[in-house]
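Work through the exercises below using the sequence and the coordinates. Each task is followed by a solution in steps.

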Amino acid sequence: GIPEEILKYTLTSDKSEINVDFRYRNQKLSRYRIDVLEFSPIYLQPQPTNILDQATNLLQRYQNYRDDSYLTDMSDMLKTVNELEDLERINGDMKLIISTEGNDVEIQWIHTSSGIDYQTKGLSFIFDDGVLESLVDGYFLFHVGSTEVNISSEEAIEIAMSNAKNFSW
């Protein structure tokens, strides 16, 4: 029930060829993805070589574009990171996760409550060899209604088993 629009572009120059796609949900950017086919992107402005600086710069520009309060919280959390390493930090109902593998880095912020992570309610940046390969933002799309549990684990198992009996492929 969410209006979605996907835009795809191929950008070509004598030094580079890139496919880029954007997904908008409710007329807000929810995904950016780049596929570098030849060489590397040509930027209008010099880019920081440090991934944390790139992420900070990107988050600031995204915040200027979107002006949502959750982006300020994410920016404040990122400012507490001094070096690029695998980590998890929680501040209130937001978790910052940084994962590195070789030249690939994923920086994500997700909603968390009572030890439960809501990964679809989050923002992630994926860098491949220093190039932002993907930005996915579902933070604005989802709302956690309640984390209050009103049934026992036995009742939950009974409900699941009952529903499983009536399920068919």
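Predicted model: local features only at pLDDT ≥ 70, side-chain atom pairs only at ≥ 80, totals over all residues.

**Exercise 1.** Determine how helix α1 and helix α2 are oriented to each other.

Solution. Step 2: for α1 (residues 51–66) and α2 (residues 69–78), the angle is about 165° and the axes are 10 Å apart. Step 3: angles over 145 degrees count as roughly antiparallel, so α1 is roughly antiparallel to α2. Step 4: the crossing of α1 and α2 is left-handed.

**Exercise 2.** Which salt bridges does R66 form with D68 and D137, and which elements does the second pair tie together?

Solution. Step 1: R66 meets D68 at 2.6 Å, N to O. Step 2: between R66 and D137 the closest N and O atoms are 3.3 Å apart. Step 3: D137 lies in strand β8 (residues 131–137) and R66 in helix α1, so this pair ties together parts 71 residues apart in sequence. Step 4: R66 and D68 are buried, and D137 is buried too.

**Exercise 3.** Classify K95 and D117 as buried, partly exposed or exposed.

Solution. Step 1: the side chains of K95 and D117 form a salt bridge at 2.9 Å, N to O. Step 2: K95 lies in strand β5 (residues 94–101) and D117 in strand β7 (residues 116–128), so the bridge ties together parts 22 residues apart in sequence. Step 3: buried means under 20% relative accessible area; K95, at 9%, is therefore buried. Step 4: D117, at 32%, counts as partly exposed.

Terms used:
Residues numbered from 1 in each chain as written. Heavy atoms only, no water. Axes fitted to C-alpha atoms, helices over the stretch in contact; angles between N-to-C directions. Helix = DSSP H or I, 4+ residues; strand = E, 2+ residues; numbered from the N terminus. Parallel < 35°, antiparallel > 145°, perpendicular 65-115°, else oblique. Left-handed = near helix turned anticlockwise from the far one by under 90°. Salt bridge = Lys/Arg side-chain N within 4 Å of Asp/Glu carboxyl O. Buried < 20%, exposed > 50% of the residue type's maximum accessible area, 1.4 Å probe, protein only.
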